[in-house]
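Trainee: I would like to go through the assignments in this model and hear what each one rests on.
Mentor: Go ahead, one term at a time.

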Amino acid sequence: MRAAIAESERGMNNNEGGPFGAVIIKDGKIIGRGNNRVTSSNDPTAHAEISAIRNACSAIENFDLSGSEIYTSCEPCPMCLAAIFWARIDKIYFANTKKDAAGIDFDDDFFYQEIDKPLAKRSVPMQQMMREDAIKVFQAWTNKKDKIAY
């Protein structure tokens, strides 16, 4: 956790983004590091956990981080939590809570609340369209012989 907190402080002091850091550990070794780089990269997805996942996957040359753990300086937002699940990370350790983050004007609670709402009640409208066309690609995926499942 100290390494994750150090990443958060380093990135913040270098004006790379908000005060968030993360490291990914596998077999007792750090395989990925990341800090928030939203403002320096103009990328709203460049959160610490996402950066650490990208770094770890590049280091081990695999998209599957099974057998690893993530240490993050703050409770993951919904985007980062989903990325952690997609990466198949086994365990999450965090320091600050989402309430702590809200106390410094990073209010992830809004996103958690939005996810729980029915589609028609969300603040950003969502509308399904062209399923008949898109489902054909899903059917082709089902039949694809050389696909790499994930």
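**Assignments and their grounds**

Mentor: The disulfide count is zero, a disulfide being a pair of cysteine sulfur atoms within 2.5 Å. The model is predicted, so local features need pLDDT of at least 70 and side-chain atom pairs count only at pLDDT 80 or more, while totals for chains, interfaces and linings use all residues. Residues are numbered from 1 along each chain as its sequence is written, and side-chain values use heavy atoms, with hydrogens and water left out.

Trainee: What makes Cys74 and Cys77 buried?
Mentor: Buried means under 20% relative accessible area, exposed over 50%, and partly exposed in between, with a 1.4 Å probe and protein chains only. Cys74 has 4%, so Cys74 is buried. Cys77 has 8%, so Cys77 is buried as well.

Trainee: Why is Asp27 called exposed?
Mentor: Because its relative accessible area is 71%, and the term applies over 50%. Asp27 sits in the loop between strand S1 (21-26) and strand S2 (29-35). Its phi is positive, near 55°, though the residue is not glycine.

Trainee: What are the strand and helix labels based on?
Mentor: They are DSSP runs numbered from the N terminus: helices are H or I, at least four residues, and strands are E, at least two.

Trainee: How do you know that S1 and S3 pair?
Mentor: Two strands pair if DSSP finds at least two bridges between them. S1 and strand S3 (residues 68-74) have five, in the antiparallel sense. Val23 has Tyr71 in S3 as its bridge partner.

Trainee: What is the strand order in the open sheet, and why are S2 and S4 called edges?
Mentor: The order of the four strands is S2-S1-S3-S4, with mixed pairing. S2 and strand S4 (91-96) each have a single partner strand, so one side of each is left without a neighbour in the sheet. From one strand to the next the twist averages 15°.

Trainee: Which strands does helix H1 lie across?
Mentor: H1 (residues 2-13) lies across S1, S2 and S3, at about 145° to S1. Contact means heavy atoms within 4.5 Å. Axes are lines fitted to C-alpha atoms, for helices over the stretch in contact, with angles from 0 to 180 degrees between N-to-C directions.
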